[in-house]
Amino acid sequence: MFASILQTLPQVLIDGLALGAIYAVVALGYTMVYGILELINFAHGEIFMTGAFAGTSVLLLFQSMGWLGGLPAWVSYVLIIFIAMMVTGALGVGIERVAYRPLRKAPKLISLISAFGVSFVLQDLVRFIAELKTGNYIISVPQLFDGRFTLGFSSMTAMFSNATVKTNTIFIFIVAIVLMIGLDIFVNRTKWGGAMRAVAQDRDTAALMSINVNKVILLTFFIGSALGGSTGVLFAQQYGTIDPYIGFILGLKAFTAAVLGGIGNIRGAMFGGIVIGVLEMFASANLGIMTGGNFGAEYKDVFAFAILIVVLIFKPEGLFGKAVKEKV
Amino acid sequence: MRWRWNGVVAAALAVGLLAGCGNGGSATTTGAASGGDSGSAGSKVIKIATQSPLSGGSSIQGEAIRLGAQMSMEDHKEDFSKLGYSLELVPYDDQGDPKKGVANAEQIGADQAVLGVIGHLNSGVSIPSSVVYEKYNIPMISPASTATEFTDRKLKVANRVVARDDFQGPAAAEYAVKTVGAKKIFVIQDKTAYGQGLAEAFRDKAQELGATIAGYEGITVGEKDFNGVLNIAATQNPDFIFFGGLYAEGGLIIKQARDKGITAPIMGGDALDSSGLVEIAGADVKGALYSSVAGEIAKMEGGSDWAARYQQEFGKAPEGYSAYAYDSMTIMLDAIKKTLDSGGGEMPSREAVRDGVRATKDFKGIATEVSFDDKGDNAYAKVYIYEFADDTYPGKLVSEVSQ
């Protein structure tokens, strides 16, 4: 049993880390907004989805114009991610302005319902536009990096078998790490980051210290949504097909990751995302082996969420909930 | 099952459409009814209704059913006028909606001149509507509904010329084991009634035929990352993979499996019979297999002549179900004619026609031979296996499996 689990381990880890990196960056959006407003922005999964569609439409547009021919693939990739980030960032700001700010003084439950409303609107809006333009709301995405290569783990030790890696997976790792480090530096080292942390700690006192609270909240929404949108592009490139409903399940899991890491805590969200991704991939590859075929891969979410429950029983504030006092 | 997405879209549009099309539908009926009155001046009228979606997402197939039935009726008009009867087709639009289908069925039942129904396309509509037909003793022949429940309730009126859903899995297994020579098969299913049923039927038959099942795993509809399941498949190194589910997940599984370096052929059921599969899987779709209850008409005996005639008459090429609708109508008219002959030219009763249809044996049609068993299933129904030789839809017909 252990031998066969070990055999696939390199492949499982690579797939799990790729999925986990996506969860982690999406989880950042949940955790930032929660940290600053104590609002669970359930529309964030849909912002992620909109990012996937925005990036893909830009890519399709570039292709039809023939602009991609002269550029190296990675340059256009970065360009598309940047455009998608701007679009979803602006979208996040707009949502905050329209759907959340008028309700900021209302009970939290009202904002939550407003968030659900926004997420339905986004789903159907994107579906409508996609169907109008292409006649089908399941869109196939042209791949910028189509290559894959094999890592020779088996030559290191016979316990492992080889792992296949898509070039795009490497790109996901790079982009996710750059984004996470960038955000960490921004929040901890810059003036605006300091303002965000101050608003998260105490909104009223921060206002007294001449911090423009509304601007900080808008900035938080912009950054959180832009991160979500960038992951959307990575996701579309990794899996090659998108539909308006991809945000729901993924958003739920990313939210879980944020809770696991301690909601409101940025490093916790990153860690939680990676953990959920790896656990999910490990469970779907090995549950059948571990239970002698009684529980198959379809129970992977049960496994991942059972672990979440166990963690929350012993540490209700999440893994990193109390380790860091400040939350953003 | 395979119209699941269309169902979602249809449901979304249903509210808007209901009012407008309700009027349109009744207008057609009154028009047809008054036409019937004028026709009955010279001779007695026998009406056959068709029920299929003429509007909405499946209207292409629905229209094909109507036109196929119409063509057969025109071919038989002369025979019946010799007997002193004029034939008339009454097309109804069920919109792929069970509620509309049942409402139409009540109208059909109230019109005493209607002796039979050709339809419906969707199993979900056929099943509730058949209860109404049973009440009025109107025989129905469906050219397309495959759900097992449709005939399993042993209604006297419900018949179909295509294969049952639970024959698809075994037929696919037979192809996999006997033709492809698969020995170690990995089965994936999507935990829906359709996908799981298909996968289980496939698994059981494959085991019976002597293949080993290397794994039987489930996935969740709506997800995009199936690397976990495919990692298990990769370690087992199977020589064949069967997927019970819809094309959105099927396409991704094909693509991600090839990304992982899994080269075994991948096969699925009729839900993969969609151009969407090719779009999602891209060039990786080459070599993928799927089963379908509809055959390629051009390959059948006399099929190409028939297709040319259809093209000439209606200005478009026949769809997959056109020929099945044609055969269904021919069976219906044959049964009516037989009851006419044995009844000495009297207007046949609905009950007699119903029993006559069920008694059909060894009928040779364009698309299929037909013998109805005591439940109304066609003993000659076949499942056709298609392969994507290229990354274009549809695939190439590679085999047919009979029951």
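Two residues are in contact if their C-beta atoms, placed from the backbone, lie within 7 Å. The legends below concern a predicted model, in which local features need pLDDT of at least 70 and side-chain atom pairs count only at pLDDT 80 or more, while totals for chains, interfaces and linings use all residues. Residues are numbered from 1 along each chain as its sequence is written, and chains are lettered from A and ligands numbered from 1 in the order in which they are written.

View 1. A24(A) touches A176(A), M180(A), A257(A), A269(A), M270(A), G273(A) and I274(A), leaving aside residues up to four places away in sequence. A nonpolar core is a set of buried Ala, Val, Leu, Ile, Met, Phe, Trp, Tyr and Cys residues joined through C-beta atoms within 7 Å. A residue is buried if 20 or more other C-beta atoms lie within 10 Å of its own, exposed if 12 or fewer, and partly exposed in between. The largest core has 216 residues, of which A24(A), A176(B) and F242(B) touch the most other members. Helix α1 (residues 2–37) of chain A gives the most to this core, namely 19 residues. Helices (H or I, at least four residues) and strands (E, at least two) are DSSP runs, numbered from the N terminus.

**View 2. The contact between chains A and B.** Chain A contributes 27 residues and chain B contributes 27 residues. On the side of chain A that touches chain B, α1, β3 (163–166), α10 (246–261) and α11 (266–290) of chain A each supply at least two residues. The most come from α1(A), with 7 residues.

**View 3. An open sheet in chain B.** The 7 strands follow the order β7-β6-β8-β9-β10-β13-β14 (chain B), with mixed pairing; two strands pair if DSSP finds at least two bridges between them. At the edges are β7 (212–218) and β14 (396–402) of chain B, each of which pairs on one side only. Strands β10 (residues 289–292) and β13 (residues 382–387) of chain B run antiparallel and are joined by 4 bridges. One bridge links S291(B) with I385(B) in β13(B).

**View 4. Helices across the sheet of chain B.** Angles run from 0 to 180 degrees between N-to-C directions, with axes fitted as lines to C-alpha atoms, for helices over the stretch in contact. Helix α6 (residues 165–180) of chain B lies across several strands, among them β6 (184–189) and β14 of chain B, and runs at about 110° to β14(B). Helix α8 (residues 227–236) of chain B lies across β6, β7 and β8 of chain B, at about 170° to β7(B).

**View 5. A parallel pair of strands in chain B.** Strand β1 (residues 44–52) of chain B pairs with β2(B) in the parallel sense over 9 bridges. In β2(B), E88(B) is the bridge partner of K47(B). Strand β2 (residues 85–93) of chain B is mostly covered, since 7 of its 9 residues are buried.

View 6. Most residues other than glycine have a negative phi, and most peptide bonds are trans. The peptide bond from G119(B) to H120(B) is cis, with omega near 0°, and H120(B) lies in the loop between β3 (114–119) and α4 (123–136) of chain B. E38(A), which is not a glycine, has a positive phi of about 55°; this residue is partly exposed, with 14 other C-beta atoms within 10 Å. S210(A) has a positive phi near 60° and counts as exposed, with 7 C-beta neighbours inside 10 Å.
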